[in-house]
Amino acid sequence: MSSILDNRPELTKQVWEVAEVAGYLWQKGWAERNGGNITVNITVIDDEIRKLPPLGRAISIGRTLPYLKNAYFFCKGTNKRMRDLARYPMENGSIIRISKDCAHYEIIADQAVKPTSELASHLSMHNHLIGKGSNYKAVVHTHPIDLIAMTHNPEFLKKDVLTNLLWSMIPETRAFCPRGLGIIPYALPGSFELADATLKELEDYDVLMWEKHGVCAVGENVMEAFDMIDTLS
Ligand SMILES: [Zn+2]
């Protein structure tokens with residue numbers, strides 16, 4: 001079966017980097033069932049990809065994201081498992097194109113795999129990052145059990161208490177996660193409330209803890225985002 005990855009080494013590399021990280025998330029025990037999600041802004045796009053017809057109708061994002069006009073993303077599919085994404089990335093994830101109106105997306109390859117339920121928050125983050133001129137291209141969300149457990153202690157929800165504790169315990173965390181760990185109070189997964197609270201904290205942090213839920217990291221690429229979560233956990 002043909003794939004959009006055929007004869008596209010750069011795109012193939014980016015998709016398989018996502019697959020590699022998906023495997024790590026599963027091995028770490030941070031990705032129960034379909035837990036977690038990854039999206040990457042795909043940088044290498046050729047004219048042929050631009051001409052690809054959508055696999056179905058345009059789907060509303062739920063908000064308008066002006067910096068994402070005609071942008072392309074590789075996204076983990078909703079209800080798909082990280083451990084399956086690791087082995088078969090194009091069957092458990094898909095490439096989407098944001099429409100000209102910046103409010104819809106179309107799936108273009110390889111299969112009509114609907115993106116993660118956290119797509120709106122991920123795309124809001126990508127939009128925000130591009131808007132402020134950042135070169136960050138990856139958003140990784142996962143469920144590191146030990147870190148999540150700490151958010152059940154109200155003391156750790158105060159600004160930078162957890163950051164300072166982690167920095168004092170593990171020196172590498174200060175070196176490799178110099179902006180620390182931001183805390184986002186509990187909000188419904190997949191909600192714009194959670195997305196907007198996250199955007200605000202992206203000003204100060206690259207890694208954010210969603211209280212009693214999981215961690216969300218942004219980075220230049222998927223490996224860098226993973227490394228920050230890995231160092232903190
Ligand atoms: Zn989650």
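**Figure 1. E211 and its salt bridge with K212.** E211 is buried, with a relative accessible area of 11%. The model shown here and in the other views is predicted. E211 forms a salt bridge with K212, and the closest N and O atoms of the pair are 2.5 Å apart. K212 has a relative accessibility of 40% and counts as partly exposed. The cut-off for buried is under 20% relative accessible area, and partly exposed lies between that and the exposed class at over 50%, so the 11% of E211 falls in the buried class.

**Figure 2. T151 and the residues around it.** T151 sits in the loop between helix 5 (145-150) and helix 6 (161-169). With 0% relative accessibility, T151 counts as buried. Leaving aside residues up to four places away in sequence, T151 touches L157, M209, E211 and K212. E211 and K212 are the salt-bridge pair of the previous view. A polar atom of the T151 side chain lies 2.9 Å from the backbone nitrogen of K212.

Figure 3. Three residues coordinate the zinc ion, each through its NE2 atom: H141, H143 and H213, at 2.0 to 2.1 Å. Along the chain these donors follow the spacing H-x1-H-x69-H. H143 and H213 link distant parts of the chain, being 70 residues apart. H143 belongs to the loop between strand 6 (138-142) and helix 5, while H213 belongs to the loop between strand 8 (207-210) and strand 9 (214-219). H143 counts as buried at 12% relative accessibility. H213 is also buried, with a relative accessible area of 15%.

**Figure 4. The salt bridge between D46 and R8.** A search of the whole structure finds 11 salt bridges, and one of them pairs D46 with R8. The closest N and O atoms of D46 and R8 are 2.7 Å apart. D46 lies in the loop between strand 1 (37-41) and helix 2 (47-51), and R8 lies in the segment before helix 1 (9-27), so the pair ties together parts that are 38 residues apart in sequence. D46 counts as partly exposed at 28% relative accessibility, whereas R8 counts as buried at 13%.

**Figure 5. The salt bridge between E155 and K158.** In this pair, the closest N and O atoms of E155 and K158 are 2.7 Å apart. E155 counts as partly exposed, at 39% relative accessibility. K158 is partly exposed too, with a relative accessible area of 46%.

Figure 6. Helix 4 spans residues 119-131 and has 13 residues. From its first C-alpha to its last, helix 4 reaches 18 Å, close to the 18 Å expected at 1.5 Å a residue. The buried residues are L119, A120, S121, H122, L123, S124, M125, H126, N127 and L129. An α-helix has 3.6 residues a turn, so residues three or four places apart point the same way. Just after helix 4, G133 takes a positive phi of about 80°.

Key
Residues are numbered from 1 along each chain as its sequence is written. Side-chain values use heavy atoms; hydrogens and water are left out. Helices (H or I, at least four residues) and strands (E, at least two) are DSSP runs, numbered from the N terminus. The expected span of a helix is 1.5 Å times one less than its number of residues. Buried means under 20% relative accessible area, exposed over 50%, partly exposed in between (1.4 Å probe, protein chains only). A salt bridge is a side-chain nitrogen of Lys or Arg within 4 Å of a carboxyl oxygen of Asp or Glu. A polar contact is a pair of N or O atoms within 3.5 Å; within protein, one must be able to donate a hydrogen and the other to accept it, and residues adjacent in sequence count only if both atoms are side-chain atoms. Contact means heavy atoms within 4.5 Å. Donors are N, O and S atoms within 2.8 Å of the metal (3.2 Å for Na, K and Ca); water is not among the atoms, so sites may look incomplete.
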